[in-house]
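Here are my notes on this model, as numbered points. Please read them with the structure open.

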Amino acid sequence: MKPLIEMRGVSKAFGGVHAVEDVDVDLYPGEVVAVLGHNGAGKSTLMKMLAGAYRRDTGTVLVDGNPAELSSPAEAFDLGIETIHQTLALADNLDASANLFLGREIAWRVGPFKIMDSAQMRDHAAKVINQLNPRFTNLNTPCRDLSGGQRQTIAIARAIHFEARVLIMDEPTAALGPHETAMVGELIRELKAKGIGIFLISHDMHDVFDLADRLVVMKNGQVVGSAKKDDVTQDEVLGMIILGKCPPNAEPGPGARVSQ
Ligand SMILES: Nc1ncnc2c1ncn2[C@@H]1O[C@H](COP(=O)(O)OP(=O)(O)OP(=O)(O)O)[C@@H](O)[C@H]1O
C-alpha cells in the first residue's frame, strides 16, 4: 500500500530554537499514528507544517507520492489534510449544520448577494452526522448546549464532508469523560475503516495504546524512535518520552539517546 504522507528530513527553527529537526514520518491509509513527546518536543510544529500553517525550512513532504509545497492551510485542505484542534474551533451560538459548513457555506449568488442554501446544508449535515452517530438527533441545538462528544462528532463530520483523507487530531479526548472518550474512540475506528489516515497528538497513554497502530516519539525536536504499538510496552514508551531511550523493538531516530 502506498503511503498517504511521507515527510522526509523536515526541519523548522524559530530564531535559535530548533523546534523540529530532520524528521521522517509516514502515514498510511486507515492508519492511526500517535505523535508523542513532552511539552515543547515539536509535535505541534511538525503537524502545523503538514497543515500548511507553518512553512518548513527544509525537507520534503509527499502526499500520495507527489511533492507538496504546503505553503498555506488552503493548499493543505485541497490535498485533503484537515486539523481538528483541541478547541474544535466551533461557533457556540450556531447549530451543527451551520458549524459543519462554517466558512465553506453552500450558497448561490444573485447579483451582488450571496444566498445561503440552509436546507441543503442541513440535509448534508444530518446525513454525515447520522452516519457517524445515529443517536445525535438534536441537530438544531446551539453548540454550546452539546456534549463534548457531540462537538467532536461535528468537527469530525466537517472533515469527512470535505473529504479529508488525512486528519490531524490534537488531544481529542483531553476534555472528555469516560463515556465520551469511548465515543470518540468509536469515531476514530470508523474513520480508519474509511481509509482515512490519522495523526493523533496525545499525552494520554491509554488512548494511544487503545487507538494507535504506530507511534512516533519526539524529544527536543527530533524523533527518538517509532514503533508498532504491539511491539512496545507503555513503560518503554515512557522511557522514549522522558529519557529519549529507544527500546530494541523500535526503530531509532536521530534523537535517540545512545545507550551507555
Ligand atoms: N511560534 C513560535 N515561535 C517561537 N517558538 C516556537 C513557536 N512555536 C513553537 N516554538 C518552540 O518550538 C519548540 C517546539 O514547540 P511545539 O509547540 O511544537 O511542541 P509540542 O511538542 O507541540 O508541545 P505541547 O505539547 O506543549 O504543545 C518549543 O521550544 C517551542 O517553545
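1. Terms first. Helices (H or I, at least four residues) and strands (E, at least two) are DSSP runs, numbered from the N terminus. Gly 195 follows helix H6 and has a positive phi, near 85°.

2. Basis. The model is predicted: local features need pLDDT of at least 70, side-chain atom pairs count only at pLDDT 80 or more, and totals for chains, interfaces and linings use all residues. Residue numbers start from 1 along each chain as its sequence is written.

3. A residue is near a molecule or strand if its C-beta atom, placed from the backbone, lies within 6 Å of it. The residues around the ligand are Phe 14, Val 17, Ala 19, Gly 37, Asn 39, Gly 40, Ala 41, Gly 42, Lys 43, Ser 44 and Thr 45. Strand S2 (17-27) and helix H1 (43-50) are the elements that give two or more residues to this shell. H1 has the largest share, three residues. By class, the shell holds four nonpolar, six polar and one charged residues. Here Ala, Val, Leu, Ile, Met, Phe, Trp, Tyr, Cys and Pro count as nonpolar, Asp, Glu, Lys and Arg as charged, and the others, Gly among them, as polar.

4. Helix H6. H6 (residues 178-193) has 16 residues and reaches 23 Å from its first C-alpha to its last, close to the 22 Å expected at 1.5 Å a residue. The expected span is 1.5 Å times one less than the number of residues. Which residues of H6 are buried? They are Thr 181, Met 183, Val 184, Leu 187, Ile 188 and Leu 191. Seen down the axis of H6, these fall within an arc of 155°, so they line one face. The arc is that of the directions from the helix axis to the C-beta atoms. Buried means that 20 or more other C-beta atoms lie within 10 Å of the residue's own, exposed 12 or fewer, and partly exposed in between, with C-beta atoms placed from the backbone.

5. The face turned away from the buried side carries the exposed residues Pro 178, His 179, Glu 186, Arg 189 and Ala 193. Cover for the buried residues includes strand S3 (32-36), helix H4 (118-132) and strand S10 (197-201). Contact means C-beta atoms, placed from the backbone, within 7 Å.

6. Two strands pair if DSSP finds at least two bridges between them. This open sheet has the order S6-S9-S10-S3-S11-S12-S13, with mixed pairing. Its edge strands are S6 (81-84) and S13 (251-252), each pairing on one side only. S9 and S10 pair in the parallel sense over five bridges. Asp 170 stands opposite Ile 201 in S10.

7. Strand S11. In S11 (residues 214-219), six of six residues are buried. Arg 214, Val 216 and Met 218 point one way; Leu 215, Val 217 and Lys 219 point the other. Four bridges join S11 to S3, in parallel. Six bridges join S11 to S12 (residues 222-228), antiparallel. Val 216 has Ser 226 of S12 as its bridge partner. The hairpin of S11 and S12 has two residues between the strands, and Asn 220 there takes a positive phi near 50°.

8. Four-stranded sheet. This open sheet runs S2-S1-S4-S5, with antiparallel pairing. S2 and S5 (66-67) stand at the edges, each with a single partner strand, so one side of each is left without a neighbour in the sheet. S1 (residues 5-14) and S4 (residues 58-63) pair over five bridges.

Terms used
Contact = placed C-beta atoms within 7 Å.
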